[in-house]
Amino acid sequence: MAITVNLDLGYEFAVKAPYQTVFDLLSDVPKSASHFPQLDQLVDLGNGVYRWEMAKIGIAKFVLQTVYASKYVANPAKGTVVWTPVKGEGNALVSGNWKIVDKKTSTHLTLHIQGELTMPLPSMVKMIVVPAVQAEFEKLVEQYIDNLTKSFGGEV
C-alpha cells in the first residue's frame, strides 16, 4: 500500500541583493540547494539533472526518505530557473520555478513548487500523514527561503 501526498506552494518576496547576485546563486543548483534544510545529498546526474536525497525521518518501523530528481534550466534573459521532474528516480516528482525580477534597488522573487510524494504506508494513516507531510514540506521551504534571504542581505 502507498499514500500519495500532493504539494503546491507559492511565495513572493524581495531581497536587498542585486539581480545578478541572486540569479547567479539560484541558477547554480548545488549552491542554491546548500541552503535547503535536511538535504542529505545532492547528486549531479549530468545535463542539468540533480537527484535530491533528503534526510531520513520517522519513528519505529516507519522510516521515510524523500528522493527525487529534476532537470534544471536557467534563462538569464527571462530571469527564470525552471525545474521539471525526472521519472524513475526516487519516490517523488517535483517541479517548480524561480522568477527573478530586477527592481533596481532590490530583487523581487517568486517561487512556485509542485510535488507528488509517494510513501509506502497503509491507507488507514492517510488522514494523519498527508497534512503532517504537507506542513513539514512547507516548513522546510520556508526555512530555505529564510536561509536564502539571509545570504542576500535580508528582505526588503
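Colleague: Which residue does E53 meet in a salt bridge?
Modeller: R51. Their side chains meet at 2.8 Å, N to O. Keep in mind that this is a predicted model.

Colleague: Is E53 buried or exposed?
Modeller: Buried. E53 has a relative accessible area of 14%, and the cut-off for buried is under 20%.

Colleague: What about E89, which partner does its side chain meet?
Modeller: R51, in a salt bridge of 3.2 Å, N to O. That pair links distant parts of the chain. E89 is in strand 7 and R51 is in strand 3, 38 residues apart. Shared partners join R51, E53 and E89 into one network. E89 counts as partly exposed because its relative accessibility is 22%.

Colleague: How many salt bridges does the whole structure have?
Modeller: A search finds 4. One of them pairs D28 with K31, with the closest N and O atoms 4.0 Å apart. D28 is partly exposed, at 27%.

Colleague: Switching to strands. How do strand 3 and strand 6 pair?
Modeller: Antiparallel, over 5 bridges. Strand 3 covers residues 49-54 and strand 6 covers residues 67-75. W52 stands opposite Y68 in strand 6.

Colleague: And what joins strand 6 to strand 7?
Modeller: 7 bridges, with the strands running antiparallel. K71 stands opposite T84 there. Strand 6 and strand 7 form a hairpin with 4 residues between them. In the turn, G79 has a positive phi of about 70 degrees.

Colleague: Last one. Which residues gather in the patch of negative charge?
Modeller: E138, E142, D146 and E155, on the surface. E138 lies in helix 3, residues 126-151. At 34% relative accessibility, E138 is partly exposed.

Notes:
Residues numbered from 1 in each chain as written. Predicted model: local features only at pLDDT ≥ 70, side-chain atom pairs only at ≥ 80, totals over all residues. Heavy atoms only, no water. Patch = residues over 30% accessible without salt bridge, like charges linked within 9 Å, V, L, I, M, F, W, Y side chains within 5 Å. Areas by Shrake-Rupley, 256 points an atom, 1.4 Å probe, with all protein chains shown as cover. Lys, Arg positive; Asp, Glu negative; His and termini not counted. Charge placed at Lys NZ, Arg CZ, Asp CG, Glu CD. Helix = DSSP H or I, 4+ residues; strand = E, 2+ residues; numbered from the N terminus. Buried < 20%, exposed > 50% of the residue type's maximum accessible area, 1.4 Å probe, protein only. Pairing = 2+ DSSP bridges.
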